[in-house]
Amino acid sequence: MLTLEIEQASTTAPVQRDIRRTGLHPDYWYPVARSREVACGKAHAARFAGAEIVLVRPEQGPVFALEDRCAHRQVPLSRGVVDGERIKCGYHCWTFDRTGACVGVPYYKKGMERPRGVRPYPAREAHGFIWVFPGDPALAEAAPFPQLSSCSDPAYKTRFLDREIGCHYSFMHENLMDMNHQFLHRRLMGGIKTICLDARSGPGWAEVDYTFGRDSGKQPLGEALIIGRHGVKSADQVKDFMTIRTEYPYQSLKFYTDGGSVPALDLWNCYIPLDAEQRRNRTFGLLSVRRPPIPFLLDAFWPVIVWFTNAIFTEDRWIVELEQAAFDRQGADANLEIFPAIRNLRRVLIEEGVALPA
Amino acid sequence: MLTLEIEQASTTAPVQRDIRRTGLHPDYWYPVARSREVACGKAHAARFAGAEIVLVRPEQGPVFALEDRCAHRQVPLSRGVVDGERIKCGYHCWTFDRTGACVGVPYYKKGMERPRGVRPYPAREAHGFIWVFPGDPALAEAAPFPQLSSCSDPAYKTRFLDREIGCHYSFMHENLMDMNHQFLHRRLMGGIKTICLDARSGPGWAEVDYTFGRDSGKQPLGEALIIGRHGVKSADQVKDFMTIRTEYPYQSLKFYTDGGSVPALDLWNCYIPLDAEQRRNRTFGLLSVRRPPIPFLLDAFWPVIVWFTNAIFTEDRWIVELEQAAFDRQGADANLEIFPAIRNLRRVLIEEGVALPA
Amino acid sequence: MLTLEIEQASTTAPVQRDIRRTGLHPDYWYPVARSREVACGKAHAARFAGAEIVLVRPEQGPVFALEDRCAHRQVPLSRGVVDGERIKCGYHCWTFDRTGACVGVPYYKKGMERPRGVRPYPAREAHGFIWVFPGDPALAEAAPFPQLSSCSDPAYKTRFLDREIGCHYSFMHENLMDMNHQFLHRRLMGGIKTICLDARSGPGWAEVDYTFGRDSGKQPLGEALIIGRHGVKSADQVKDFMTIRTEYPYQSLKFYTDGGSVPALDLWNCYIPLDAEQRRNRTFGLLSVRRPPIPFLLDAFWPVIVWFTNAIFTEDRWIVELEQAAFDRQGADANLEIFPAIRNLRRVLIEEGVALPA
């Protein structure tokens with residue numbers, strides 16, 4: 001078991017923490033649903049690390065988020081009825097406003113115990129997602145909110161990624177950052193030679209630069225379309241350049257071709273733990289591809305890009321779920337990591353995360 | 001977590017007990033199967049709170065009940081063969097009589113260890129059910145046996161209810177007794193105004209009286225048929241009267257219309273825990289509807305009543321299973337009960353029940 | 001709970017061990033796959049008591065067996081690529097040879113931590129199976145390897161048995177050895193009277209002799225074909241003779257007809273635990289039937305034999321899985337065994353086995 005000794009602020013005793021038993025830190029803004037999942041006048045059940053959250057979009061006014069349980073009999077409010085800016089539990093019609101206060105019990109009489117409310121979550125809507133702040137609400141306002149420029153830039157066409165995957169979020173970060181796993185995609189991408197140029201890290205972040213060459217096989221059409229031009233050259237000729245960065249808790253990949261300074265491909269990902277043990281995640285992503293000079297060319301070939309990214313993702317899902325299964329069998333992280341970029345990443349994920357209850 | 005402090009007889013230390021971790025007291029008569037499930041000359045597997053019970057109906061003589069395991073290799077006797085008033089295990093043909101004694105092992109030879117028998121359960125057949133007494137057999141004879149009159153009264157037509165539901169029996173008692181949950185049935189019953197008239201309780205029982213008015217919506221046909229007449233009046237005109245009573249461990253609902261003194265509707269329910277944790281139950285019920293003066297009218301409309309009661313029950317099942325799921329997630333009862341009738345009921349269920357093994 | 005007191009070598013304190021919590025001793029040769037399951041140039045995932053094992057059949061050279069996990073990220077090597085006498089992990093292409101040594105990491109650079117290898121298992125191929133030695137490799141060479149003569153003798157026709165069954169291996173041994181369970185097969189075999197002639201045992205082995213008579217019913221065709229002649233006589237006339245022997249950890253059944261000295265039926269079985277708790281097994285068997293004098297007669301009737309043995313086996317599977325379910329419910333072995341042959345067998349299985357982790 002590889003663990004990391006971390007000095008605790010309040011004591012000198014070091015703690016040991018297994019990366020797969022490290023929870024995502026709650027004091028960040030996290031997407032928990034696509035905007036379009038929450039219809040007008042409706043409620044929607046979302047999750048973050050075992051916390052059940054109801055997202056409510058009133059007919060008027062912004063989306064709000066509450067604990068997804070009635071204070072009375074604990075059934076999900078998301079199965080209830082939205083009425084104006086309030087949500088009514090579907091069982092006995094206890095009614096809650098956007099602050100979580102209980103503002104109505106139809107059969108309430110003097111002398112009965114005072115109904116309690118439920119916990120509200122700070123919520124925002126941006127970039128096509130509903131975001132919540134699962135941690136200390138006092139920190140929400142000041143917490144950095146992801147600035148994602150490519151997905152709203154008309155020079156790019158953007159695809160939403162949204163998949164539920166049976167693994168800890170850390171496997172997702174490692175999978176994307178370690179480009180030495182091209183062997184996994186050999187059937188789809190042919191023989192690619194990955195060259196790591198540099199690995200850097202600092203407090204809360206780790207990043208790595210790569211360039212690529214083709215060993216064998218032909219460049220697939222999907223890949224050519226995504227990276228914006230045809231015919232990757234042999235390893236010593238290319239000027240392609242990729243940077244993958246985990247800036248806790250988010251991850252991005254930018255791919256530059258022919259020495260350009262604007263990315264041909266700009267990917268942003270966030271991996272939301274679903275269950276309390278954080279053994280499943282929902283991966284939300286924005287995959288932005290720079291439009292080529294010929295109008296509509298990218299649109300015409302979009303189905304190929306969709307097929308290709310889905311095919312790659314299917315292989316990645318297969319392997320990360322095998323990793324989680326191995327962890328579950330072994331009961332502890334037994335990875336032998338030798339690649340400096342991933343060792344940096346692991347340190348960031350462990351240091352920035354929180355201990356999961358045993 | 002709402003708990004109740006109970007003085008233990010033998011000590012002054014109070015015990016705290018979670019209502020959902022309270023087992024049904026075994027020293028009562030419980031229906032565990034419909035009579036028609038146990039065919040002549042056949043065995044039938046039943047369960048009570050994790051105890052496996054084989055019901056045997058010989059060609060001649062009354063039904064008997066034994067532990068459903070062979071004393072030899074522990075496989076269910078219910079998978080064996082009924083032979084006269086005996087049951088033979090289907091594996092090595094060990095044979096048991098109605099007292100549970102082992103009365104035959106085909107290959108038994110002198111010098112072998114003496115075969116043991118299995119535990120018998122006191123059993124009865126009445127009201128269309130097979131009943132057993134899962135507790136101390138010495139108490140069976142003197143224990144009160146439910147007197148159910150309407151179901152054998154030709155003035156009533158009776159429907160058997162029989163469903164397996166994924167929740168603790170206490171949720172069933174609470175669901176029926178708390179008529180403020182009409183909001184759950186708003187699509188089927190329209191807007192009903194529930195008025196609680198009185199809530200009473202004593203040792204081993206709790207009951208509550210209601211009357212009703214219609215806020216909005218039209219009275220559905222199924223409801224009109226069940227309660228025996230058309231056109232519920234506005235809330236301050238009605239004389240309809242409902243009493244729901246839990247007389248441990250059974251529950252009944254009687255509905256009187258227009259100030260009548262015989263019930264138009266007479267429902268008796270019993271909720272049998274199936275598993276040892278008592279997180280599932282089988283609900284047995286007898287729903288008796290008083291026949292109107294016109295002969296066969298009730299029979300003609302019976303399919304509507306069946307449809308309507310099934311539709312109501314489907315909604316109830318949905319919500320009580322959501323309650324159980326919430327309890328399982330939270331690990332303890334977190335309900336905030338403000339309604340006096342349900343607070344009484346909870347006290348009865350906790351006081352009369354037994355602690356479940358942790 | 002029936003347990004056995006065993007003197008431990010190093011102490012005088014007796015240990016108590018539940019037969020169903022006794023693991024199969026790893027210091028034996030065990031079949032873990034049919035030969036034909038492992039194709040040329042391919043890898044195959046096998047299991048022994050929770051240990052994942054990859055079997056690799058190179059294009060040239062014998063099959064080899066390794067721990068089925070990459071030393072790097074723990075995913076199964078069996079999902080990788082066989083290349084010569086090496087296997088490459090399908091994720092980052094770490095490469096391992098037949099000794100388990102890591103002989104290649106495509107992106108390895110000086111200064112990186114040294115890659116580790118994985119554990120090899122001694123492996124053999126014989127009698128149509130791939131065998132491994134899951135215990136101490138130093139003992140593999142000297143360990144007895146099953147000598148199975150009938151299956152390679154042209155005087156016999158052999159059927160491979162291969163089924164996954166949801167029970168501890170001990171239930172399989174007991175099921176076959178206790179022929180008093182003919183009652184289970186009453187629909188297939190009619191009424192057979194089993195007469196136990198003798199039960200013997202010694203260190204690591206137990207055996208029992210039987211003869212049979214027919215009480216009632218007609219001999220089925222499948223049975224007649226398997227035992228090589230028609231018309232079993234009444235109980236006091238027959239000279240049929242059966243010996244069932246557990247020679248740890250294997251089991252055999254030999255059936256001799258009419259006082260013959262070569263078996264008409266020769267069955268060899270081995271029950272491989274699959275999971276760490278050993279609650280599931282894969283039963284491998286070789287069922288050899290002596291050919292009758294008329295050429296091809298046995299071949300012509302082979303489908304009947306296949307059908308008959310499958311039908312018998314289906315009943316056995318049903319009952320042993322009920323036994324395991326009873327054990328799981330009861331949490332401990334509660335069997336009341338009175339038959340000396342099975343008491344001997346239980347002693348052998350407990351003494352020769354190992355304690356399972358609690």
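## Where chains B and C meet

Let's start with one of the contacts between chains: 26 residues of chain B are in contact with 28 residues of chain C, where contact means heavy atoms within 4.5 Å. Keep in mind that this is a predicted model, so local features need pLDDT of at least 70 and side-chain atom pairs count only at pLDDT 80 or more, while totals for chains, interfaces and linings use all residues. Residues are numbered from 1 along each chain as its sequence is written, chains are lettered from A in the order in which they are written, and side-chain values use heavy atoms, with hydrogens and water left out.

The size of an interface is often given as the accessible area lost when the parts come together. Between chain B and chain C, the buried area (accessible area, 1.4 Å probe, that two parts lose on being put together, summed over both) is about 2,300 Å², and carbon and sulfur atoms give 57% of that. On the chain B side, the residues that lose the most area to chain C are B:Arg73, B:Gln74 and B:Tyr91, together 31% of what that side buries.

## Charges across B and C

How many salt bridges cross the interface of chain B and chain C? The rule finds 5, a salt bridge being a side-chain nitrogen of Lys or Arg within 4 Å of a carboxyl oxygen of Asp or Glu. One of them joins B:Arg73 to C:Glu323, at 2.5 Å from N to O.

The side of chain B that touches chain C has 13 nonpolar, 4 polar and 9 charged residues. Here Ala, Val, Leu, Ile, Met, Phe, Trp, Tyr, Cys and Pro count as nonpolar, Asp, Glu, Lys and Arg as charged, and the others, Gly among them, as polar.

## Where chains A and C meet

Over at chain A, 28 residues are in contact with 26 residues of chain C. The area buried between these two chains is about 2,300 Å², with 57% from carbon and sulfur atoms. A:Phe183, A:Leu336 and A:Ile338 supply 34% of the area that chain A buries against chain C, more than any other three residues.

This interface has 5 salt bridges by the rule, including A:Arg329 with C:Glu52 at 3.9 Å, N to O. Helices H1 (169-177), H4 (297-330) and H5 (340-352) of chain A each give two or more residues to the side that touches chain C; helices (H or I, at least four residues) and strands (E, at least two) are DSSP runs, numbered from the N terminus. H4(A) gives the most, with 8 residues.

## Salt bridges inside the chains

Over all chains, the count comes to 82 salt bridges. In chain A, the side chains of A:Glu164 and A:Arg280 meet at 3.1 Å, N to O. A:Glu164 sits in strand S15 (residues 156-165) and A:Arg280 in the loop between strands S20 (265-273) and S21 (281-290), 116 residues apart.

In chain B, B:Asp299 pairs with B:Lys157, their closest N and O atoms being 3.2 Å apart. This pair links helix H4 (residues 297-330) to strand S15 (residues 156-165) of chain B, 142 residues apart.
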